[in-house]
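The tour below goes from one selection to the next.

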Amino acid sequence: MKKTLLTLISVFTIISISYAQNPYNPIGQQTKLTPSQKMEKYFNPITTAVPFLLIAPDARAAGMGDIGSCSSPDANSQHHNPSKYVFSKSKFGISFSYSPWLTSLSKSLGISLAYLGTYWKITDMDAIAFSLRYFHLGTIDFTDEYGQVYANPRPNEFAIDFTYARKLSDVFSMAITPRFIYSNITASYDMYSSSGKPGLAGAADLSMCYEQDFRTKGLENSTVRLGINISNMGNKMTYSSNASPDARDFLPANLKIGLSYTMDFDKYNSLAILGEMSKLLVPTPPKYAFDTVTHERYIVAGRSNKVSAAQGIFQSFYDAPAGFMEELYEIAWSFGLEYSYNNLLFVRTGGFFESKYKGNRKYITVGAGIHYNIFQIDVSYLFAISQQHHPLEHTLRFTLSFDLKSFQKDEIKRQDKPIRDF
């Protein structure tokens with residue numbers, strides 16, 4: 001009996017040691033490794049289709065660490081948080097932004113992102129907006145096995161969207177933004193078959209904004225803004241006409257929550273402090289093991305990401321293979337500062353920080369802007385501070401805006417918002 005007991009203990013010990021060599025136990029029990037140790041062994045970023053939808057298109061937000069969900073409204077709020085439009089002091093605005101891409105690698109590639117945004121306040125309670133985003137991927141040479149060029153496709157992607165925003169109270173608003181997405185990154189060409197096609201998708205954003213003015217001792221005025229935007233909720237995308245549902249890719253559904261505090265020191269000087277968190281609402285890839293008997297993969301940690309787009313949004317909050325700690329690693333953080341002198345000169349800076357286990361994007365940004373009469377021009381510049389290089393590293397980005405408020409003989413009569421003492 002003792003020999004049998006010792007034998008069982010020995011076998012159990014050997015099995016336990018075997019499982020301990022893997023942070024994930026195939027029988028569902030995790031070993032006692034710290035979350036950081038688990039993540040060190042399993043770099044696990046999330047990938048999606050059409051990631052160009054997440055790029056901050058305008059130089060103003062780009063100068064503040066890509067923050068825009070909680071900044072003051074402008075013509076580019078369509079991308080960051082369209083519900084801010086109803087809090088705009090202007091009736092109409094339009095802007096054009098241009099961002100060269102991968103210039104640090106080669107200026108001859110011709111890759112760039114262009115963005116057009118415009119809005120119109122119908123009343124003090126309602127606003128509509130429109131934007132067009134175009135991503136040009138340059139010219140690609142397709143060659144055969146002998147190195148002969150037989151095609152020069154020019155792949156591109158674009159998205160068109162429309163917004164309706166409305167105030168639900170003096171300090172709170174919501175907006176809905178339907179979007180059409182076209183992605184032709186393969187230039188409708190498939191080297192293995194004739195099944196290649198552009199990717200098409202429909203999506204929508206839901207956004208909210210809270211804006212409250214405060215009386216603060218020592219300040220002319222102070223404003224708090226809270227912005228929430230859930231973007232790119234839509235169907236999965238494919239570039240093949242015969243792809244199965246499981247082979248389709250998720251759109252980059254994304255949650256952004258931002259908070260800002262603006263201090264007006266006097267009639268000429270103001271400073272805005274902004275912070276934002278963002279998280280992809282896309283399932284985390286599970287961890288697989290290979291069965292040497294059946295020659296098939298099976299999931300040892302996490303959940304299957306072969307789910308519908310709607311289920312993927314909810315599942316993204318609890319499906320990380322390393323548990324809750326990995327879910328926290330999927331949150332990216334940004335901060336920003338914007339100084340304004342007489343609403344004429346703007347100076348900005350900010351930073352963006354992503355976990356090294358989820359992509360390792362870390363960069364600092366600086367920017368400036370000049371507002372004269374109806375024109376405003378903004379520029380920004382990006383410095384990568386991690387080993388992961390950024391496509392916009394050492395690149396100047398530009399935005400030209402037109403604020404047509406001065407053309408309005410009768411400015412919008414803004415309802416007096418309640419001002420609280422702080």
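A residue is called buried when its relative accessible area is under 20%, exposed when it is over 50%, and partly exposed in between. By that rule, buried residues make up 46% of the 422 residues in the chain. The model is a predicted one.

**Whole chain**

Start with the cartoon view. The secondary structure comes to 6 helices and 19 strands. Switch to a surface: the chain exposes about 21,700 Å², and carbon and sulfur atoms supply 62% of that area. Among contacts in the chain with a separation of 6 or more, 60% are between residues 24 or more positions apart.

Select residues 156-167, which are strand S6, and residues 172-184, which are strand S7. The two strands run antiparallel and are joined by 10 bridges. A hairpin of 4 residues connects S6 to S7. For a point of reference, pick Ala165, whose bridge partner in S7 is Ala175.

Met174 stands opposite Met208 of S8.

**The largest nonpolar core**

In soluble globular proteins, nonpolar side chains tend to be buried together. Which residues touch the most other members of the largest nonpolar core? Select Val50, Phe52, Ile181, Met237 and Leu251; these hold that place in a core of 21 residues.

Centre the view on Val50 and show its surroundings. Leaving aside residues up to four places away in sequence, Val50 touches Glu157, Ile181, Ser183, Met237, Tyr239, Leu251 and Pro252. A second, separate core holds 10 residues, including Ala75, Tyr85, Ala127 and Ala175.

**Aromatic pairs**

How many aromatic pairs does a search of the whole structure find? The search returns 11.

Tyr85 is in the loop between helix H4 (77-80) and strand S1 (92-100), while Tyr119 is in strand S2 (residues 111-121). The pair links distant parts of the chain, 34 residues apart. Are these two tyrosines buried or exposed? Tyr85 has 0% relative accessibility and so counts as buried. Tyr119 has a relative accessible area of 5%, so it is buried too.

Next select Tyr268 and Tyr341. Their ring centres are 6.3 Å apart and the planes lie at 25 degrees, so this pair is stacked. Tyr268 is in the loop between strand S10 (254-264) and strand S11 (269-280), and Tyr341 is in strand S14 (residues 331-341), so the pair ties together parts 73 residues apart in sequence. Tyr268, at 48% relative accessibility, counts as partly exposed. Tyr341 is partly exposed as well, at 38%.

**Strands around the second pair**

Within the pairing, Lys256 has Ser278 of S11 as its bridge partner.

S11 and S14 pair in the antiparallel sense over 11 bridges. Here Gly275 stands opposite Phe335 of S14.

**Charges over rings**

Select Lys236 and Phe250. The charged end of Lys236 sits over the ring of Phe250, 4.4 Å from the ring centre. Then select Lys279 and Phe317, where the charged end of Lys279 sits over the ring of Phe317 at 5.3 Å from the centre.

**Two positive phi values**

Most residues other than glycine have a negative phi, and most peptide bonds are trans. Select Asp66, in the loop between helix H3 (59-62) and H4. The phi of Asp66 is near 70 degrees, a positive value. With a relative accessibility of 15%, Asp66 counts as buried.

End at His394, in the loop between strand S17 (375-384) and strand S18 (397-403). Phi of His394 is near 55 degrees, again a positive value in a residue other than glycine. His394 is partly exposed, because its relative accessible area is 43%.

Definitions and conventions:
Residues numbered from 1 in each chain as written. Predicted model: local features only at pLDDT ≥ 70, side-chain atom pairs only at ≥ 80, totals over all residues. Heavy atoms only, no water. Phe/Tyr/Trp six-rings, centres within 6.5 Å; stacked < 30°, edge-to-face > 60°. Buried < 20%, exposed > 50% of the residue type's maximum accessible area, 1.4 Å probe, protein only. Lys NZ or Arg CZ within 6 Å of the ring centre and 35° of its normal. Core = buried A, V, L, I, M, F, W, Y, C linked by side-chain atoms within 4.5 Å. Contact = heavy atoms within 4.5 Å. Pairing = 2+ DSSP bridges. Areas by Shrake-Rupley, 256 points an atom, 1.4 Å probe, with all protein chains shown as cover.
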